[in-house]
Amino acid sequence: CAASRQATCGAGCIPIPWLCDGEQQCPDGTDEQCGCECSSVPSVCGAKKVQCPGTHHCIPHWELCDRHQDCEDGWDEEGCPQQPCLPGQWQCRNRVCIMAEWKCNGIDDCGDSSDEDVCAPCPPGMVRCDEGKCILESLMCNDEDDCLDGTDEPSTCGELPVAAGHCPCGWGWGEPQSCPASLCSARVDIRSGDLYWLAFPHLSCPRTHVPCRDGTECVAQEYMCDGEKDCADGSDEDGCTQLCDTPGRSCSSYPCGLGACLNASLVCDGRQDCTDGSDEGGNCSVPCQRSCAQLCYPSPQGPRCWCEPGYRLAENGLSCVDIDECTEWGEGACSQTCLNAPGSYSCGCLPGYLLEPDGRVCKLTGPEPMLLVAVQSDLLTCGLRSGREEVLLSTGKDRVVFSLDYDLEERKVFWMDLATESIRWQDFDLGKKGTLVKGVRSDCIAVDWLGKNLYWTDGAAGQVLATRLGAAWRGIPEYTVVMDGDLDRPHSLVLQPLAGLLYWSEVGSHPRLMEATMDGSRRHVLLAQGLGWPTALALDLSTWRIFWLDEKLGSVGSAHLDGTSVKVLQLGWVQSPFAAAVCEGQLYWSDRKAWSVQQVDKASGKNRTVLLKRHGQPHGLQPCPTVAMLTRAVLAGTNGCAKSNGGCAQLCLPNP
């Protein structure tokens, strides 16, 4: 053993700080026989911390051998005992244990990509880093190391000094030339003043997005001319004094020759407002004599009719028709309810909410809303306004709280314990705890608080299963298979107990979102296009939409619960989402790669905030019980199993 860092422990070695720490690590207990060897251990950082050698940095004892490097030189992870994985699990290079079926699924579940090192080729549209991880082709040469080893930023996409105006890939100062393999972006060396070009792989944007001028990224169409620079080069805000189809502006504003739009009052005013001067000259002097329904303005093409805000010009060019903002703008208009009116609209809120001064967003009344979050072995609450964190329970160092859900009536929290392959529970009020069912593997669990059932998905078996919330482990599994057969790796699962419906995502060879009644019947495809790996689902019952986060595509999507009105936003910070929740106009999700819980505006995908970041991977995520209670009060209803267990002796599954 390393004399300065380790102590002998039987046939092996343990870190010195593990001596006399109150926990027996050696089989013979010699690490807790606190004689002279223990008393000689220096206590530089106090009783509860240990000093990283050669530094003034102190870390808690529990960060030793936790499979994460906390000391700069990695001392806290040296000489750590190898902990074998449980049956059905696979040990990563960094000693993390993952489910065996997660190996070679295209996702870095280990965190060091060792589960993807020796796997089949990456899916179409992706490339493999030398370390083994698959990343999107669009992440190559983006000036950021998306591969841990930096192989996505090779020297071939570095700076190539060339004569000004000549791009190696054929993109010059004039019209774009043929460039099937790559695009070029101009860069200037500040020190020398020389002009350089950066070569990037060809950028292919989804139909809902547009490329930035430098060709390095895509932004959503909704982000064009919204007052915020979303492209790194700011090209999404160029020439945006007024844009014809921007929400809140008249669709009959004057279009400039280069695409921007002006308010009609700026046309023919003697000042050049369009960059190309197309708003002046021509027939500007011809007076307005048309039979316009609302207003008339002069233009270089002669007099034209236009409409007040809230209206658009009809096809006859004379009359005006009302714009239904509630339908056309969707969630961009109101966070909950929307009422259209002639030339205008107004937002409203469900009972238990108040409308914010912006006239669009609804906020909960009463106590601060909270999120339930599972981080490694801890279950904690996080205030959505204050950010205050409180640990509710800790399951032990070797037990990971995976997926979780909450029974708002019984005030019980349920979670998947990977170490024991069991679904466990704890009562917040009485402190009681127990095991619901053993011998199961689950990617996601969900509670039917009306029918008193718990559902879970088993991706490896391709099943959705269920059991009674009141079940007690008696040595024999008591559950039923709700759906089986043609499920292609079911993953995330959410319930709508009031309607007796369940929704789940499948992340197999043909990813899709599915819907069925809660007894497994009337199954149908909700969405099967434009998906990669939809690993996190959330329902927003205030707007009757389903949200998903896609790990492969790095996107956030949403749709009505009937599969219509699909909206997808590509967001670069969506890396490895596990669970999601919606509350007060915000979308929250846990990200295993970033070790954080983040939030964005659910309608625009903007205003990203890191709500929580702790040591350890976050997994399960649920909106606070307060929100669930209010939602239930607002949407009061029942399902067939809510009363007397539907007359069933054992398990009752709703079929509305």
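User: What makes S31 and S32 a pair?
Analyst: This is a predicted model. Two strands pair if at least two bridges are found between them. Strand S31 (residues 444-448) and S32 have 5 bridges, in the antiparallel sense, so they count as paired. In one of the bridges, Ile445 has Trp456 of S32 as its partner.

User: What links S31 and S32 in their hairpin?
Analyst: There are 4 residues between the strands. Lys452 takes a positive phi near 60 degrees.

User: Why are S32 and S33 called paired?
Analyst: The cut-off is at least two bridges. S32 and strand S33 (residues 463-468) share 6, again antiparallel, so they pair. Asn453 stands opposite Arg468 in S33. This hairpin has 4 residues between its strands, and Gly462 in the turn has a positive phi of about 65 degrees.

User: Why is S32 called mostly covered?
Analyst: Buried means under 20% relative accessible area. In S32 (residues 453-458), 6 of 6 residues are buried, so each of them falls under that cut-off.

User: Which residues of S32 point which way?
Analyst: Asn453, Tyr455 and Thr457 point one way. Leu454, Trp456 and Asp458 point the other way. All are buried. In a regular strand, side chains alternate between the two faces of the sheet.

User: How much of the protein counts as buried?
Analyst: The figure is 48% of the 656 residues. The protein exposes about 30,400 Å², with 51% of it supplied by carbon and sulfur atoms.

User: How many helices and strands does the protein have?
Analyst: It has 3 helices and 47 strands.

Definitions and conventions:
Residues are numbered from 1 along each chain as its sequence is written. This is a predicted model: local features need pLDDT of at least 70, side-chain atom pairs count only at pLDDT 80 or more; totals for chains, interfaces and linings use all residues. Side-chain values use heavy atoms; hydrogens and water are left out. Buried means under 20% relative accessible area, exposed over 50%, partly exposed in between (1.4 Å probe, protein chains only). Helices (H or I, at least four residues) and strands (E, at least two) are DSSP runs, numbered from the N terminus. Accessible areas come from the Shrake-Rupley method with a 1.4 Å probe; for residues, only the protein chains shown count as cover.
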